[in-house]
Amino acid sequence: MVLNLLVGLPGDRPGGLLLSLIYFFASGAAALALGCAYAVLCVAFPRTSLPLQAATALLRGVPLILLVFLFAHVPWFVVGLAGLVALTVYSFGHVSEVLRSFLAAYPTAAAEQARLMGMSSVRDWLQLRMPWTLWRSWTALITHWVSLLKDTGALVILGIGELTTTAKVLSEVAANFEQWATTLVTAACLYLGATLALIQFVPFVAGKLFRILQQGQSTSSKAAERYA
Amino acid sequence: MVSGAELWVGIAGSLVLWVLSGTVAILLALILAAGSLSPNRPVRLLARASVNLTRGIPTSLFVIAAGVATMHLVSASDLPIVFPGTTAAFQPLAWAIMLALALGSAGHLAEIFRAARAALGSPRLEQAAVMGLSPMRHAVLIARECIAIALPPTGARLIHHLHNTAFAALFPVAELFGAIEGQASTTFRVFHFALLGCAIYAVLSGLTWLLFRLLEAALAPPVAQQARARLPAWS
């Protein structure tokens with residue numbers, strides 16, 4: 001039972017927790033990249049991007065389960081792709097606003113200093129503003145990612161064999177109450193373990209990456225080190 | 001034939017689920033937040049563990065557990081019939097799902113309430129403590145001060161909570177997502193109904209946001225209201 005919850009039912013692997021994590025990482029990374037582009041666009045063109053901002057606000061009002069249902073009926077989408085696109089769109093709706101608000105709060109003094117140092121605007125955005133934004137918004141992003149990891153459970157309506165679906169299938173065919181309870185408690189523990197690991201592990205990796213980035217930049221730009 | 005009545009029943013079902021489970025979630029969250037601030041260590045640890053447990057487990061899994069357990073274990077009950085469109089036989093199931101939804105949000109709301117109290121800062125909390133008020137009046141005073149901080153994230157969480165009511169569609173409980181799904185598969189006009197569902201949820205979410213903004217304006221602490229009144233109209 002534990003093996004099935006971890007890697008999926010026989011004949012339907014990868015599944016279970018492994019598939020939940022694959023969906024989580026793929027959609028989270030895609031949404032982060034799209035969110036960065038959105039934030040840059042909205043901060044660079046605050047008035048022109050108003051319709052885009054309004055559309056994103058509307059998107060946040062739609063439940064993930066409905067997005068999953070909607071994308072599942074796009075004719076050229078296979079079930080797995082529909083789930084991935086729905087999760088990405090849902091995550092983008094939240095991540096994009098977090099990044100936009102932090103990027104908009106980038107200190108004017110830092111921007112001025114970069115300009116006086118003769119940095120090109122591409123370098124300014126890529127080496128100073130985006131790392132600063134990502135670093136400052138980290139806590140808010142992790143809160144959303146915890147939610148995203150749990151929300152992969154919405155894929156249950158497509159029958160994609162991730163952890164919630166596997167737990168549902170196993171609990172429905174359980175022979176007795178003990179087996180049923182054990183299945184659901186084990187699934188709950190797996191989710192709990194994964195979210196706690198995410199809360200502990202992601203800031204650790206991010207800290208390491210950021211220090212590497214800072215060391216790399218310190219040879220080329222002292223300003224990056226100062227403001228990051 | 002497209003049944004508009006079915007959609008209205010779905011909307012009513014979602015709203016009843018949302019209001020009941022939201023109320024239970026807020027009550028549970030207040031208990032958990034109070035417990036996590038308790039000077040008694042075992043109570044504090046128990047409350048913290050409960051908060052982490054409810055925040056770490058997906059609401060979908062809570063709903064599935066409640067649904068499957070009720071279908072296996074409960075045959076009849078005397079619970080009142082309050083969920084519109086759900087047959088009398090499945091009312092206990094709807095009650096169980098309502099509790100599962102409440103449990104799914106209780107931990108998040110408890111953290112919001114705890115953070116709002118912490119945001120007041122120790123000088124203000126100490127000031128309230130030395131005023132010599134009764135425990136009840138002290139709690140009311142702190143709650144009044146916290147409201148302005150806690151309302152925006154509470155509104156955001158309750159919008160998420162509204163979206164989570166859609167998980168009830170996994171069982172025979174009438175609510176909006178189930179109605180949309182049912183209409184879409186009956187008429188084969190999937191995009192029409194999916195977009196209609198998106199619009200209805202967006203409107204309901206917008207109304208929730210508006211309600212909380214109004215509450216924020218009405219329930220802000222007197223000091224904040226006075227400060228706002230002193231601001232010139234053009235600021």
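1. In chain B of this predicted model, consider the contacts between residues at least 6 apart in sequence: 77% of them join residues at least 24 apart. Of the 235 residues of chain B, 41% count as buried.

2. The secondary structure of chain B consists of nine helices and zero strands. Read along the sequence, the pattern is therefore α-α-α-α-α-α-α-α-α. The C-alpha trace of chain B spans about 65 × 50 × 30 Å along its principal axes.

3. One residue of chain B deserves a separate remark. Phe188(B) has a positive phi of about 65°, although it is not a glycine. Phe188(B) is placed in the loop between α7 (176–187) and α8 (190–219) of chain B. Is Phe188(B) buried or exposed? Phe188(B) is exposed, because 9 other C-beta atoms lie within 10 Å, and a residue counts as exposed if that number is 12 or fewer.

4. The two chains touch one another: 29 residues of chain A are in contact with 25 residues of chain B. On the side of chain A that touches chain B, at least two residues each come from α4 (64–72), α8 (138–151), α9 (163–172) and α10 (177–220) of chain A. The most is given by α10(A), with nine residues. By residue class, this side of chain A divides into 19 nonpolar, six polar and four charged residues.

5. A further point concerns the backbone of chain A. The peptide bond from Arg13(A) to Pro14(A) is cis, with omega near 5°. Pro14(A) lies in the loop between α1 (2–7) and α2 (16–44) of chain A.

Definitions and conventions:
Residues are numbered from 1 along each chain as its sequence is written. Chains are lettered from A and ligands numbered from 1 in the order in which they are written. This is a predicted model: local features need pLDDT of at least 70, side-chain atom pairs count only at pLDDT 80 or more; totals for chains, interfaces and linings use all residues. Two residues are in contact if their C-beta atoms, placed from the backbone, lie within 7 Å. Helices (H or I, at least four residues) and strands (E, at least two) are DSSP runs, numbered from the N terminus. Ala, Val, Leu, Ile, Met, Phe, Trp, Tyr, Cys and Pro count as nonpolar, Asp, Glu, Lys and Arg as charged, and the others, Gly among them, as polar. A residue is buried if 20 or more other C-beta atoms lie within 10 Å of its own, exposed if 12 or fewer, and partly exposed in between; C-beta atoms are placed from the backbone.
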